[in-house]
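Reader: Could you walk me through this protein fold, one question at a time?

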Amino acid sequence: LAVPTMLAERQNIQPQIMHRVRTNLGELDAQLSGQTLCRRMAVEGGWYAVLQVPVLGSDEDLAIALLRDSAVLLHPGHFYNFPGQGYLVASLITPAAEFAEGIRRALHFIAGQ
């Protein structure tokens, strides 16, 4: 019974989500353009961006180190069944200012490894 109401509500939330995803994707691309170690994989849908990063060990160890040392939460690629190491996944629905700062910290951390 609730499905028609829930589907109608998408008219309100969908534009907000799309704006945030586009804003954060633009910010990510701007920050990536200033360095050469990491690159963004093509976005195929959804609200995640996949970063290809230098293989410095396991993606899980890198994700834990980022969280512990830089207070940045990125998912290791194996959470999304990537076949090898060198992938981190970022949520594009994070509030824009937090996203920008988190990506800045992550890229700085990775560059220092």
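Predicted model: local features only at pLDDT ≥ 70, side-chain atom pairs only at ≥ 80, totals over all residues.

Reader: How many bridges join strand β2 to β4?

Author: Strands here are DSSP runs of E with at least two residues, helices are runs of H or I with at least four, and both are numbered from the N terminus. Strand β2 covers residues 48–52 and runs antiparallel to β4. The number of bridges joining β2 to β4 is five.

Reader: And which residue in β2 is the bridge partner of R39?

Author: β1 and β2 run antiparallel, joined by two bridges. Over in β2, the partner of R39 is Q52.

Reader: What is the order of the strands in the open sheet?

Author: Two strands pair if DSSP finds at least two bridges between them. The sheet is open, has four strands and pairs them antiparallel, in the order β1-β2-β4-β3. Each edge strand has a single partner, so one of its sides is left without a neighbour in the sheet; those edge strands are β1 (39–40) and β3.

**On to a helix**

Reader: How far apart are the end C-alpha atoms of helix α3?

Author: The expected span of a helix is 1.5 Å times one less than its number of residues. Helix α3 has 16 residues (96–111), so it should span 22 Å. The model agrees, as the end C-alpha atoms of α3 are apart by 22 Å.

Reader: Which elements do the buried residues of α3 pack against?

Author: Buried means under 20% relative accessible area, exposed means over 50%, and partly exposed is in between, with a 1.4 Å probe and protein chains only. The buried residues of α3 include F99, I103 and L107. Contact means heavy atoms within 4.5 Å. The packing partners are α1 (3–32), α2 (59–70) and β4 (87–91).

**A pocket**

Reader: Which element gives the most to the lining of the largest pocket?

Author: A pocket is an open set of points on a 1 Å grid over the protein atoms alone, where a 1.4 Å probe fits, with protein on both sides within 12 Å along at least five of seven lines; lining residues have an atom within 4 Å of a point. The largest pocket has 15 lining residues, with V72, L73, T94, E98 and G102 nearest its centre. Two or more of the lining residues come from each of β4 and α3. The top contributor, with six residues, is α3.

Reader: Is A71 buried or exposed?

Author: Most residues other than glycine have a negative phi. A71 is not a glycine, yet its phi is positive, about 55 degrees. This residue, A71, sits in the loop between α2 and β3 (75–76). With a relative accessible area of 57%, A71 is exposed.

Reader: What is the relative accessibility of N81?

Author: N81 also has a positive phi, about 65 degrees, although it is not a glycine. N81 lies in the loop between β3 and β4. N81 counts as exposed, because its relative accessibility is 69%.

Conventions. Residues numbered from 1 in each chain as written. Heavy atoms only, no water.
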